[in-house]
Amino acid sequence: MSVSEQPIPAKPRLSWRGVSMLMVSDIVGTSVLTFPAVAAELGYALTVLLIVGLFPVTVYVSVLMARTHVRVRGIDSLGSAARRIFGPRYAGGTFAVVYGYTLLGNASYLLVLGTSLQGVFYDARLCLAAASGLGALLLAPLVVGLRRLGDSVALCFFNLLLVLLCVGVAFGELAARGRPPCVETHAVAQGLDFTAVFGGATNLVYAYAGQWMYFEMMTEMEAPADFPKAFLVSGPIMVSLYLLVACLGYYYLGGTPAGSLVESVPAGPAYRAAQGLLLLHVTIVYMVKSVVLARSAHGRLAPAAADARDARGYARHAALSLAMLLFSYGVTNAVPFFEPLLGLIGGLLSGPINFLLPVALYLGALCRDLGATARGSPCLPMRAALCAWSPRMRHSRGQLPQLAV
C-alpha cells in the first residue's frame, strides 16, 4: 500500500473541553431564537421548569451513552450501536431513521440560510429559492474541506460567539426601543391547553437533542469515558442562554412575538447585523452536521476507505457532501409544506431518537454482557423483551443464566 493510500491515522484529537464546544455548536442552534414564542405559549413558570428540568435528563442519557461506548467496543454511531447490541436486522432501520431525519433537519438549515440572506439584503427583495441557492453555493466549498469533527473545535467556539452576538444585537435593539406599554406577560399563559404544552415542550426537547451524534464525538476523543465532563462547560452555557432568551424575549415581546427573536427586530442596521451573524452561525452548524452525515454515508458505502487520505477518498467525501447539499436544496424548494412537515416529523422522532434509543441501547448492552440473575433485577424486563425480538439475544439466550420467573 502506497503512502497516498494510507488511511488517516486514528489519532484522538478531542478532549472533553473540545467536545463541549461541539455540543454547544450543534445543540444551541436557531431553535433558541424561537424561545420567546415558546414562553408566550407556556408562560414563565412552565418554560423555566422545562428548560431547567430537561437538562439533568440530558446529562443522564449522555452518561448512559458514555457507559455504552466503554462497554461495547467499536461503536461510532447509534446505528453501529444497534448492530452490535441488537443485531444486524435493526441496524439498517436505525441508520435510516436517525440519519434520514438528520438529513432533513440539515436541509432546513439551508432555508434558514436563505432567509438570513434575505434579511441581510432585505432591500434587494430576493426570493427564497434564489437566496437558498446562493446559500448552497456558499456552503459547497466549505463542506468539501472538513472531514473530522476534531478539526472544527475552534470553529465551534467561534460559532458560540456568533450566537451570543446575534442574541446581544437583537436584545440591544429591543432594549433601546423599550418595552411597549401594551405588552402583557403571565406566570402561566392564559388559555393554556394540552396542544400548547405539547408544542412548547417539543421545541424545548429539540433544543437538548444532540445525542444522535454523541457516539461520533466519543469516537474522536482521547478518553471517551470523560464525555460527560463536557457538560461542565456546555451545560451552564445552554441553560443560562435558554433562560435568558426565553424570559427576556417574553418580557419585551409579550404574547405575540414573531417566529424568531431576530425577526422581532425592526428593519435597519441592527436587523441586518443580526441576520448576518445568524447567517454565519447557520453556515457553521450545517458544516458540522454535514461532516457526520458524510462520514456515515462514506463508512456505509466504502468502510475500508472511509478515512483514506488518497485522492479517491477525498473525491468520495466531496461527492457525498455535495450530493447531500443538492438534495437539501431540492427538497426544501420542491416541497411547499416542508417546514410544517419537518416540524411534525421532529415532534414524533426527536425525543425517541435522542432520549429513548440511547437508554434502550444501554440496557441492551448491560443485559447482553452481564445477564440478569436475580429476581427483580432492573435488567429483567428489558432482557425479556430483547430476547423476544433480537436475533443476537435469542442466539445467546442459552449462554446466559436462567432467570427466576
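This is a predicted model: local features need pLDDT of at least 70, side-chain atom pairs count only at pLDDT 80 or more; totals for chains, interfaces and linings use all residues.
**Stop 1: helix α1.** Select residues 16-27, which make up α1. The helix has 12 residues and reaches 16 Å from its first C-alpha to its last, close to the 16 Å expected at 1.5 Å a residue. Now colour by accessibility: 11 of the 12 residues are buried, so α1 is largely enclosed by the rest of the structure. Among the buried ones you'll find Trp 16, Gly 18, Met 21, Asp 26 and Ile 27.

Stop 2: Keep α11 on screen, residues 269-301. The largest nonpolar core has 107 residues, and Phe 35, Phe 227 and Tyr 242 touch the most other members. Helix α11 gives the most to this core, with 16 residues. Zoom in on Phe 35 next. Leaving out residues up to four places away in sequence, Phe 35 touches Ile 51, Asn 203, Leu 204, Ala 207, Tyr 242, Val 245 and Ala 246.

**Stop 3: Tyr 101.** Jump to helix α5 (residues 88-120), where Tyr 101 lies. Is Tyr 101 buried or exposed? Its relative accessible area is 12%, so Tyr 101 counts as buried, the cut-off being under 20%. Show its neighbours: beyond four places in sequence, Tyr 101 touches Ala 96, Tyr 206, Leu 342, Ile 345, Gly 346, Leu 349, Ser 350 and Ile 353. Finish by drawing a distance from Tyr 101 to Gly 346: they're 245 residues apart along the chain, yet their C-alpha atoms are separated by 7.7 Å.

Key
Residues are numbered from 1 along each chain as its sequence is written. Side-chain values use heavy atoms; hydrogens and water are left out. A nonpolar core is a set of buried Ala, Val, Leu, Ile, Met, Phe, Trp, Tyr and Cys residues joined through side-chain atoms within 4.5 Å. Buried means under 20% relative accessible area, exposed over 50%, partly exposed in between (1.4 Å probe, protein chains only). Helices (H or I, at least four residues) and strands (E, at least two) are DSSP runs, numbered from the N terminus. Contact means heavy atoms within 4.5 Å. The expected span of a helix is 1.5 Å times one less than its number of residues.
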